[in-house]
Every structure is written in structure tokens, then in C-alpha cells.
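My entries are below the display.

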Amino acid sequence: MTANRRIAVIGAGASGLSAARALRQEGHFVAVFERSTGIGGTWIYSTAVESDHLSADPNRKIVHSSLYDSLRTNLPRESMGFYDYPFVAVAGEEDCRRFPGHREVLRYLEDFARESGLYGLIRFGIEVVRVEMEGEGRWAVLSRRVAGGGGGGAADESEVFDGVVVCVGHYTEPRVAEIPGIDSWPGKQMHSHNYRVPEPFQGQVVVIIGSASSATDISKDIAGLAKEVHIASRSAPGGTPMKDPAHENIFIHSMIVKAFADGTVLFQDGSSAFVDVIMHCTGYKYHFPFLKTNGIVNVDDNRVGPLYKHVFPPLLAPYLSFIGLTTKMIPFPMFQLQSKWIAGVLSGRIKLPTQEEMMEDISKICIRKCNLLDCPKDTHTILTIIILNTVIGWQENVGILKWKSGGSSCFMQIGKTGLQSQTGSEMTGMMMIWSKKLMNISGTFSFRIKDCKFNLVILLMVRCVTFENFYILV
Ligand SMILES: Cc1cc2nc3c(=O)[nH]c(=O)nc-3n(C[C@H](O)[C@H](O)[C@H](O)COP(=O)(O)OP(=O)(O)OC[C@H]3O[C@@H](n4cnc5c(N)ncnc54)[C@H](O)[C@@H]3O)c2cc1C
């Protein structure tokens with residue numbers, strides 16, 4: 001027998017929208033709380049930045065989005081969209097490229113929300129400030145009108161729901177690198193969360209810490225105006241600093257050893273530079289300040305847990321769930337799979353394993369994952385590496401994928417630390433494997449050679465019994 005429940009969804013970004021749609025399709029009553037005045041979350045670009053550019057001040061006014069003006073997606077539109085609502089280029093639009101700019105993503109999400117009839121479910125300008133269990137399957141949600149926020153809904157209101165789905169994103173609360181000597185270093189520090197445009201870096205010497213998409217994008221964005229850009233990356237080889245083959249003024253170093261009071265920064269490779277700005281492109285923290293679970297769900301060094309398949313805390317399932325915690329995957333289709341799973345479990349149509357079975361699954365995955373990744377920090381990184389090891393028989397740190405593209409030969413090593421470029425060609429590796437049906441796995445690599453982005457779609461029709469993250473949808 002199935003049940004229809006009253007469900008609160010927190011957040012109207014891509015994950016909240018997909019949750020609202022799936023829950024409503026399943027017959028549940030849905031209320032979406034959104035503290036901003038529009039839908040789209042991350043994809044609402046704002047020129048505003050936080051008053052503290054390192055975002056360390058707990059009393060600062062939060063700016064949700066971390067987008068920079070030049071950002072284009074790092075996934076091709078063909079892979080990025082919801083699986084039943086393709087992200088197609090609109091004829092006559094100014095930009096129909098495969099890797100669209102952020103404004104087009106926002107427009108796509110707005111179209112999705114409008115055509116799915118979701119706007120009426122959303123209470124705009126309302127922030128959830130407290131979520132607390134009142135009894136089994138009863139959650140008190142305290143919400144408050146944001147100063148200056150618009151939209152309907154009540155301010156300072158407490159309401160009881162049968163379930164809560166947390167869809168608040170995880171790219172707003174910055175993580176910064178620890179640098180010996182930084183307190184006496186006189187330059188400016190900031191986090192990529194507060195980077196928007198390159199103009200302020202005209203003629204400056206900038207150190208970018210990190211090697212993920214933001215570090216790669218921002219270093220190129222500012223290289224045209226800055227005097228020098230030094231990238232400090234854990235995955236860079238030791239020895240002498242390397243020059244970026246495509247940019248005269250970008251230098252790639254291993255990590256920073258120390259910052260000094262005279263303004264210099266010393267790198268592990270022995271070189272040093274007199275630096276104006278250190279930009280931390282060092283990622284973000286999971287942060288749920290409103291969630292009160294009596295210690296049942298915790299965030300420990302960026303692991304949210306314990307969570308079954310990154311979604312349900314076994315002790316509170318199915319009444320509390322999270323969407324979108326996983327990283328290194330294709331977000332929108334994953335949000336949909338998670339949403340449908342949650343909606344089906346809440347109605348009773350899909351059964352979860354017992355609490356004990358879920359807890360056992362969590363510890364098994366943790367042990368396996370911690371052998372390969374940096375734990376607990378990488379808990380929510382999808383197990384691409386393990387899957388490839390398992391499916392193709394690669395051993396840890398020796399998986400090499402080779403392909404040719406336009407005369408250039410590319411390699412990618414699948415290693416303990418993730419995906420690393422092994423040639424002069426620069427690459428952003430992004431892969432997601434998901435499964436709609438058991439054992440049917442597809443994946444996409446997006447990679448970049450010089451300034452061109454390429455997409456390689458891989459379909460594997462194999463049996464993969466150790467796949468961590470599939471959702472059974474019927
Ligand atoms: C720089 C950058 C580039 C990216 N590039 C890509 C890309 O190319 N392709 C891709 O697929 N993904 C990309 N992503 C990932 C992107 O975050 C996801 O695609 C997706 O937008 C996340 O959606 P979400 O709904 O989970 O979170 P968000 O989009 O962050 O939405 C969360 C929403 O929750 C609301 N909220 C938060 N707290 C509360 C509260 N207490 N009460 C009420 N409302 C609240 C926020 O206002 C926000 O609207 C990128 C992310 C970043 C930061």
C-alpha cells in the first residue's frame with residue numbers, strides 16, 4: 001500500500017526542483033523553501049561578493065553562488081541535462097555551443113521549473129532556520145522571511161511535515177588551505193567563491209591553490225591581465241616548476257611551503273615568488289546549520305554521515321534525506337535518480353533495506369573507499385576509480401586510459417588521487433557512471449586539449465556487482 005505524505009524540500013536549485021517534481025509525481029504534497037528570490041541556486045550569477053573575501057567571518061552576509069562571469073559548463077549539454085528534459089540549444093540563441101555559459105543553464109532550469117509547473121510549490125524569500133524531529137516521521141520546520149526577500153509563504157513560521165529533503169547545495173561554505181607563516185604575510189587572500197572577473201588582477205602576481213575546475217578556469221581567466229600566475233597543486237610533480245605550454249605567464253608548482261613577511265611565497269619545488277594575491281581554489285564544506293538530529297547525522301571532515309548511498313541516514317530514513325551530496329559525477333541526472341528513489345521510498349512503493357543492512361553497506365563501502373581515496377574527505381566522491389578497477393581489472397594507480405583526438409595523443413591515469421593528466425595537453429577529467437537499470441552503465445569523459453573541450457561517451461554493458469551508487473527505479 002502506498003501513502004501520500006507532506007514533504008518539505010529545502011532549496012530550489014537543480015536538486016530541489018528535481019525533488020519537487022518527483023515527489024509531486026508520486027502524489028505527495030510538496031512545499032519548497034527557497035531563501036533567494038529565484039530558482040537555480042548556484043546558477044544565479046551575482047556580481048556581489050562576501051565582505052570577507054576568504055569567507056572566514058561567521059557573521060558575514062552569505063552570497064550563495066560561486067560562479068564567475070566567464071564560467072562555461074564543464075559538461076557537454078548532451079550529458080548535463082535532466083534525462084527526460086534535454087538541455088538543447090535553443091535555435092536563434094546567441095550561444096549554441098556544446099559547453100554553454102552559466103546564463104543559459106539558469107534559463108534551462110527556469111524553463112524546466114515553469115514547464116513542470118513547479119513555481120507554485122516554491123516559497124521564495126523564506127529561509128529554513130531549524131529542522132528538528134518531533135517524533136517518528138514528524139519534522140518541525142522553522143522558517144523565516146529573509147530581509148528584502150519576496151514571494152509568498154509565512155515568516156517565522158513553524159510547520160510540521162512527514163519528511164524533509166535537504167537540497168541546499170555544497171558550494172557556498174569555502175574551505176581554505178593552511179599555509180605556514182600566512183599571518184605575517186602582507187598580501188591579499190581570497191577564496192574562489194568570491195572571484196567574479198579578472199580586471200582586479202591587472203599587473204599582479206597571483207598564486208592559485210588547487211587543481212580542480214575552478215583553479216584551471218580562473219588561472220586562464222586572469223592570465224591575460226595578471227603579471228604572473230603561479231598554480232600550487234598537490235598533484236603537480238615535484239622538481240622544478242613547469243610552465244604552462246599555452247600561457248607564457250602561468251607556472252605550475254607543487255604546494256606552498258611557507259609565506260613570509262616580506263611578501264614572498266616559497267614552493268616545495270624550491271622556487272619562490274613575490275606575490276600580491278593568494279587565491280584558494282580549495283573547495284567547499286558541507287554545511288547544514290539548520291539541521292538538528294541529536295548527533296545522528298554529522299559532518300566530519302567533509303563526510304556527511306552515516307548515509308546510505310549518500311541519501312538516507314539509516315536511523316531517520318525515509319523521513320530525512322539528502323540530494324546532491326556526491327561529487328565527480330553528472331549532477332542533474334543523478335539528482336533525478338535520487339529524487340525518484342526518495343519519492344518512491346516515501347510512498348512505500350520502493351522498500352529500503354533494514355537499518356542494520358544499510359549500516360553494514362555504509363561501513364563496507366567506507367572501508368573499500370578509504371583504501372583508494374582520501375577519507376573521510378572524499379566519502380562523497382563517486383567510486384569511478386573503484387568501478388574502473390573492478391570492471392576493467394585495473395589495479396590501484398596503474399589505470400591508464402589512452403585515446404587520440406585530432407592528432408594529439410592523450411593519456412589519463414586513474415590513480416589514487418583521482419584523474420591526472422599525463423601529457424602536455426591539459427585536461428579536466430569528469431566522469432560519472434550511473435545506472436537506470438542494474439548492470440547498465442554509461443559514462444562520459446569531458447576533457448580539454450588547449451582551449452578546446454571534448455566529450456567522450458563510454459557505454460559499458462557489463463556486470464558490475466560492486467557498483468556503489470545505483471538507484472533502482474521502476
Ligand atoms: C563554480 C561551479 C561550477 C559548476 N559547474 C557545473 C557544471 O558545469 N555542470 C554541472 O552539472 N554542475 C556544475 N556545478 C555543480 C552545481 O552546483 C550543480 O550542478 C547544481 O547546480 C547543484 O544544485 P543544488 O540544487 O544541489 O544546489 P544549489 O544550486 O546550490 O541550490 C541550493 C539552493 O538552496 C537554497 N538554500 C540553501 N540553504 C537554504 C535554507 N536554509 N533555506 C532555504 N533555502 C536554502 C539556496 O538559496 C539555493 O537556491 C558547478 C558548481 C560550481 C560551484
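The entries follow in the order in which I looked things up.

**Entry: ground rules.** I am working with a predicted model, in which local features need pLDDT of at least 70, side-chain atom pairs count only at pLDDT 80 or more, and totals for chains, interfaces and linings use all residues. I number residues from 1 along each chain as its sequence is written.

**Entry: open sheet.** I looked up the strand order and found six strands in an open sheet, β9-β17-β10-β11-β13-β12, with mixed pairing. Strands here are DSSP runs of E of at least two residues, helices are runs of H or I of at least four, and both are numbered from the N terminus. Two strands pair if DSSP finds at least two bridges between them. The edges are β9 (188-191) and β12 (242-243), each of which pairs on one side only. Inside the sheet, β10 (residues 205-209) and β17 (residues 277-280) run parallel and are joined by four bridges. I noted I209, whose bridge partner in β17 is H280.

**Entry: helix on the sheet.** Helix α4 (residues 213-223) packs on this sheet and touches β10, β11 (228-232), β13 (250-253) and β17. Contact requires C-beta atoms, placed from the backbone, within 7 Å. The direction of α4 makes about 170° with that of β11; axes are lines fitted to C-alpha atoms, for helices over the stretch in contact, and angles run from 0 to 180 degrees between N-to-C directions.

**Entry: strand β7.** I checked β7 (residues 163-166): G163 and V165 point one way, V164 and V166 the other, and all are buried. Buried means 20 or more other C-beta atoms within 10 Å of a residue's own, exposed means 12 or fewer, and partly exposed lies in between, with C-beta atoms placed from the backbone. β1 (residues 6-10) runs parallel to β7 over four bridges, and I10 stands opposite V166. β22 (residues 320-322) also pairs with β7 in the parallel sense, over three bridges; here V165 stands opposite S321.

**Entry: ligand shell.** Which residues come nearest to the ligand? Of the 33 around it, they are G11, G13, G41, T73 and G169. Elements giving two or more residues to the shell are α1 (14-25), β2 (29-34), β4 (126-135) and α5 (331-347). α1 gives the most, three residues.

**Entry: N298.** Is N298 buried or exposed? N298, in β20 (residues 298-300), counts as exposed because 12 C-beta neighbours lie inside 10 Å. F288 is 10 residues from N298 in sequence and 9.4 Å away, C-alpha to C-alpha.

Conventions:
Contact = placed C-beta atoms within 7 Å. Near = placed C-beta within 6 Å.
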